[in-house]
Amino acid sequence: MTAIKYSGETRSSEHLAVLGTAKSDFSKIGLSENELSFLDGEISKKEHFITINQYKRLVVIYILEKRDHPYLVLEAHRRAGNKVCGILNAAKAVSVTVIDLIGDHENSLAFTEGMALGNYQFLTHKTQEVEKLKHSLRTIYVQSKKVNRQQIERLQIIVDAVGKARNLVNEPVNYMNAAQLAKEFDKMGKEAGFKVEIFNKTKIESLKMGGLLAVNRGSIDPPTFTIMEWKPANAKNKKPYLLVGKGVVYDTGGVSLKPTANSMDSMKCDMAGAAAVGCTMYAIAKAKLPVYVIGLTPATDNRPGMNAYVPGDIITMHNGMTVEMLNADAEGRMILADALSYGQRYNPVLAIELSTLTGAAAAAIGKYGIVSMGTAEKKVHETLKRSGENVFERLAEFPFWDDYAELLKTDIADMKNIGGSVAGAITAGKFLQKFTSYPYLHLDIAGPAFIDGSYDYKPKGATGVGVRLLFDFLSKAE
Ligand code: BES
Ligand code: ZN
Ligand code: ZN
């Protein structure tokens with residue numbers, strides 16, 4: 001993991017990444033007359049990225065770009081940071097100092113964040129030439145009048161939490177089954193200081209979590225249900241925020257085996273919601289945010305084993321409602337429904353649930369955003385959307401009209417687990433809504449959770465989506 005260090009006014013590394021505007025005084029960073037005039041020339045040509053190779057060190061200069069909105073400027077800085085990360089690794093640089101000549105803490109932090117997030121690698125299972133593959137960049141120092149130690153510490157926590165979420169998601173099911181996932185959350189709880197309780201299969205049976213148990217029937221590995229709690233004495237809220245994450249450690253589609261070629265290849269990512277919840281708990285506890293939060297992560301794999309649940313089965317859920325199961329691949333909602341109804345005992349001020357729930361959400365907006373919908377007040381949804389912009393994990397709100405619930409009707413049970421041929425992302429949300437009795441936001445992260453090629457500071461594979469979003473939201477919560 002990349003270390004981020006406060007360096008105050010001092011310069012602590014060889015290589016420099018400099019943030020400036022066309023008007024900045026670049027003589028401060030030790031450039032020769034020739035280099036300064038080269039730089040002037042590049043700036044007047046409207047170049048925003050200027051690299052000066054001084055043989056012993058690289059000086060990469062990023063000139064502020066205009067954008068229509070401040071959050072887009074922030075994102076441009078993250079992307080620039082990632083680009084510089086690539087240049088530094090190519091040059092085998094071990095450390096760099098980010099020098100802020102503008103005096104803007106947000107952009108400096110965003111640049112550093114992009115650099116650190118882009119430096120992530122998942123090499124756990126590589127055994128050959130690991131040293132050669134490993135990025136050289138280890139430490140980023142930040143030199144800015146406007147950035148303080150606490151901001152750097154917080155950025156480090158966030159980057160680490162995203163890295164942890166990416167690791168959990170990138171780990172395949174033969175290394176990360178439901179029990180292991182729960183164990184990882186337990187370890188994170190011990191490290192960051194939040195409470196973790198893990199329910200085993202017997203406990204889950206005694207709680208009559210019929211949805212989670214039904215999905216688990218085709219599996220050899222037992223399910224888990226993890227409860228995480230961060231309740232600091234100085235919490236601003238009495239009623240907790242509830243975070244719920246889908247923890248399907250692998251989704252084969254069950255007996256409704258995934259029909260599309262290669263669509264199973266990335267299905268180790270189906271616990272990305274749970275990873276986001278656990279790693280957000282880690283981050284808020286490490287940063288000691290004054291907010292009371294409960295995290296719930298139901299977990300199992302979804303497989304077509306001998307006793308697997310089959311279409312036509314009627315399942316009695318944790319809250320007593322019955323579901324006619326008509327597609328074993330719509331398993332996420334089965335396990336989440338139990339978690340959401342279990343969540344009622346906390347009387348939450350708001351529940352945010354994250355899941356790689358539907359191909360329909362991914363098809364609608366792709367990796368570019370999170371599909372959101374829910375029953376929470378408009379004001380709350382808007383606040384979360386603003387967090388989405390701040391961290392560039394943007395929300396696209398879908399309608400949540402009651403009419404869609406019609407599509408879940410069946411004659412022989414309270415509802416079925418699939419809708420019709422339209423609005424698949426919304427009917428999935430409508431299904432879950434039936435298990436909530438509190439303000440609720442459903443975030444379908446099927447599009448952005450796992451990507452098949454790198455996308456700026458998100459490397460190929462797991463992105464860790466949700467962690468930065470929830471942290472930003474909870475850091476401003478009342
Ligand atoms: N885990 C999948 C959704 C998914 C698709 C996640 C692509 C990430 C990328 C989910 O369990 C699923 O299979 N959903 C079905 C629901 C359908 C059977 C009603 C889907 O979207 O096809
Ligand atoms: Zn599925
Ligand atoms: Zn799934």
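Pro459 is buried, with a relative accessible area of 15%; buried means under 20% relative accessible area, exposed over 50% and partly exposed in between, for a 1.4 Å probe and protein chains only. The model is a predicted one, in which local features need pLDDT of at least 70, side-chain atom pairs count only at pLDDT 80 or more, and totals for chains, interfaces and linings use all residues. Residues are numbered from 1 along each chain as its sequence is written, chains are lettered from A and ligands numbered from 1 in the order in which they are written, and side-chain values use heavy atoms, without hydrogens and water.

Pro459 lies in the loop that runs between strand E19 (450-451) and strand E20 (461-462). Strands (E, at least two residues) and helices (H or I, at least four) are DSSP runs numbered from the N terminus. Beyond its neighbours within four places in sequence, Pro459 is in contact with Leu117, Tyr120, Arg166, Ile451 and Ser454, where contact means heavy atoms within 4.5 Å.

The protein as a whole is described by the following values.

| Property of the protein | Value |
|---|---|
| Helices and strands | 14 helices and 20 strands |
| Buried residues | 59% of the 478 residues |
| Box filled by the C-alpha atoms, along the principal axes | roughly 80 × 50 × 40 Å |

Among contacts in the protein between residues at least 6 apart in sequence, 78% join residues at least 24 apart.
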